[in-house]
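This briefing covers one protein model.

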Amino acid sequence: MTDRSSVGFLAQAERIGDKLCDAAQSLGTSCYWVDEVSELRDGVSHRTQQPVGSDLYSGTSGIALFLARLYQNTANENYRRMAESAVEYALADLDLDDHDTYIGLYAGCAGYAYAALQVGEMVGSDRFVGPTTLIINSLQEHTLEQQPPDIMFGIAGTIPVLLDFYRRHAQESALSLALKCGDYLIHIARKSYAGFSWNSLYNVNVDSSHDLNGFSHGASGIGWALLELGKFLDEQRFVNAAEEAFRFEQSCFNAERENWPDQRSFIEPAGRYPVAWCHGAAGIGFARLRAYQLTGRQVYKNEAEAALRTTAKMLAFPAKDLHTYSVCHGIAGNSDLFVYASQILGDSTYLETAQHKGLQGIEEIENQNLPWPCGSMDGNETAGLMQGLAGIGYFYLRLHDPARVPPITIILPR
C-alpha cells in the first residue's frame with residue numbers, strides 16, 4: 001500500500017475520534033458516553049439511552065485507550081483531554097471495596113488498570129500511576145475461587161496486566177499475584193487425555209470435552225496467559241500447562257473446516273465454527289502466532305496458518321455484506337489477525353489483506369455516509385472498544401502504523 005493509503009487510514013481514525021469526542025457527555029472534569037439500545041417492554045422493542053459503563057470492553061476505559069493512541073499519532077490536544085477525562089470517569093466509577101466484581105482484562109478490574117497505565121504513558125502524565133497501583137493492590141483482596149478462569153472476566157486476564165505493571169514499576173506483589181494466578185489456573189484445569197481445559201461456564205453437568213475453545217473465554221486465552229507467565233519467569237510448569245491447553249484445542253480441531261468448534265451449549269450446530277476474535281479461528285490464530293513467536297514450535301505456525309486461511313475466507317466478502325465491523329466478532333478483529341501475522345511471520349501479503357479491508361470499509365461505509373455496523377445486538381453504532389466505534393478507529397490506527405500501535409486483541413510486552 002502507498003503512503004497515501006496510510007494517511008487515509010489515519011484520517012479515518014480521526015473521523016471516528018472526532019465523532020466520539022462530539023458525543024461525549026461531561027460530568028465535572030470527567031466524561032462518558034451514552035449508547036442508544038433496544039429494550040423490550042411488554043413485548044415491544046423501545047429505543048432507550050444508557051451510559052456505556054466504564055470497563056475496557058465496552059466502556060470509557062476502552063474509549064480512552066483509543067483516544068490516547070489517536071493523540072499519540074496526531075498530537076491533537078482534544079484527544080488527549082478527552083482520553084484523560086474518560087479515564088477519570090472510569091476510575092471514579094470503579095469500587096475497589098467491592099470484592100465480588102470481576103478481575104479480568106476486558107471486563108474486569110485489571111482492564112481499568114491497563115487502560116489507565118497506558119493512557120498515562122501515552123499522554124506523558126504520571127497522574128494515573130497512583131490509582132493504577134491501588135487497583136493492582138486491590139486485586140490481592142479478591143478470592144480466586146469466586147472468579148472465572150478466562151481472559152475476558154477472570155483470572156487469566158489479570159496475568160498480562162500484572163506482568164505489564166511489574167515491568168514498569170518492579171512491584172513484587174504484582175509478580176507474586178501473577179504467580180498465584182498461574183498456579184491456581186493449573187490447579188483447577190480439567191486434565192484429560194486431550195490436554196488441559198477449563199470449565200469457564202461453570203457447567204458441572206458436562207465433562208471436559210465440552211469446555212470452551214477460543215480466546216476470550218476458552219483454552220487459547222488461558223493458555224496464552226500461562227505461556228506469557230512461563231516465558232517471563234522462565235518457569236517450565238506454566239509453559240507446559242499452556243501447551244496442554246493448546247493440545248486440548250488441537251483435539252477439537254476440524255481439519256475439513258480448518259476451525260475449532262464453539263462449544264457453548266446455546267450455539268446451534270450450523271454456527272458451531274465461528275470466525276471471530278472472541279470465539280473461533282481468529283482469536284485462536286492470535287494465540288498461536290504468539291506461541292510460535294515465543295517457542296518457535298512449527299505446530300503453532302501450522303495452526304496459525306490454518307486460522308489465517310479460514311479467516312481469509314470470511315474477509316473475502318464485501319464489508320457491507322458482513323454483519324459487524326467490530327473488533328470482538330467482526331471485520332476489525334479478524335483483519336487485525338493479518339496485521340499481527342505480517343509482524344510475526346514477516347509476510348507483507350498478510351498486511352495487504354488487512355489494508356484491503358480497511359479501504360473497503362472507507363469506500364463502502366464511510367464514503368456512503370452509512371453508520372458503522374457494530375457488534376451490539378441490534379448492530380447499531382456503539383461507542384466502545386471491542387464492539388464499537390473506538391475499536392474500529394483503533395483498527396485504522398493499526399493500519400496506519402502497525403509498528404507503533406500495538407494490538408488490543410492480544411496484550412503484548414512493551
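This is a predicted model: local features need pLDDT of at least 70, side-chain atom pairs count only at pLDDT 80 or more; totals for chains, interfaces and linings use all residues.

Residues are numbered from 1 along each chain as its sequence is written, and side-chain values use heavy atoms, with hydrogens and water left out.

**Overall build**

- The protein has 14 helices and 6 strands, where helices (H or I, at least four residues) and strands (E, at least two) are DSSP runs numbered from the N terminus.
- The protein is as compact as a globular protein of its length, because its radius of gyration of 20 Å is close to the 22 Å that the globule rule gives for 414 residues. That radius is taken over C-alpha atoms, and the rule is 2.2 Å times the number of residues to the power 0.38.
- Along the principal axes, the C-alpha atoms fill a box of roughly 55 × 55 × 50 Å.
- Of the contacts (heavy atoms within 4.5 Å) with a separation of 6 or more, 66% are between residues 24 or more positions apart.

**Largest pocket**

- A pocket is found on a 1 Å grid over the protein atoms alone, as an open set of points where a 1.4 Å probe fits, with protein on both sides within 12 Å along at least five of seven lines; lining residues have an atom within 4 Å of a point.
- The largest pocket has a volume of about 1,000 Å³, a volume being the space filled by probe spheres set on the points, which are joined across faces, edges and corners.
- This pocket is lined by 35 residues, and those closest to its centre are Thr324, His329, Cys374, Gly375 and Ser376.
- At least two lining residues come from each of β3 (34–41), β4 (44–51) and α11 (298–315); β3 gives the most, with 3 residues.
- By type, the lining of the largest pocket holds 14 nonpolar, 15 polar and 6 charged residues. Ala, Val, Leu, Ile, Met, Phe, Trp, Tyr, Cys and Pro count as nonpolar, Asp, Glu, Lys and Arg as charged, and the others, Gly among them, as polar.

**Second largest pocket**

- The second largest pocket holds about 340 Å³ of space.
- Its lining has 22 residues, with Pro406, Pro407, Leu412, Pro413 and Arg414 nearest the centre.
- Helices α2 (60–74), α4 (109–123), α6 (155–169), α10 (281–295) and α12 (331–345) each supply at least two of the lining residues, and the largest share, 4 residues, is that of α4.
- The lining of the second largest pocket divides into 11 nonpolar, 4 polar and 7 charged residues.

**Cysteines**

- A search of the whole structure finds 0 disulfides, a disulfide being a pair of cysteine sulfur atoms within 2.5 Å.
- Cys21 is in no disulfide, and the nearest cysteine sulfur, that of Cys31, lies 7.9 Å away. Cys21 is buried, because its relative accessibility is 9%.
- The sulfur of Cys181 is 12 Å from the closest cysteine sulfur, in Cys109, so a bond is ruled out by distance. Cys181 has 1% relative accessibility and therefore counts as buried.

**Gly195 in strand β6**

- Gly195 belongs to strand β6 (residues 195–197) and is buried, at 0% relative accessibility.
- Leaving out residues up to four places away in sequence, Gly195 touches Arg190, Glu244, Arg247 and Phe248.
- Gly195 and Phe246 are 51 residues apart along the chain, and their C-alpha atoms are separated by 7.7 Å.

- Asp234 is not a glycine, yet has a positive phi of about 55°. Asp234 sits in the loop between α8 (219–233) and α9 and is exposed, at 69% relative accessibility.
- Asn240 lies in helix α9 (residues 236–252) and counts as partly exposed, at 37% relative accessibility.
- Asn369 has a positive phi as well, near 55°. Asn369 is in the loop between α13 (348–366) and α14 (389–400), and its 72% relative accessibility makes it exposed.
- From C-alpha to C-alpha, Asn240 and Asn369 are 50 Å apart in space, and they are 129 residues apart in sequence.

Notes:
Buried means under 20% relative accessible area, exposed over 50%, partly exposed in between (1.4 Å probe, protein chains only).
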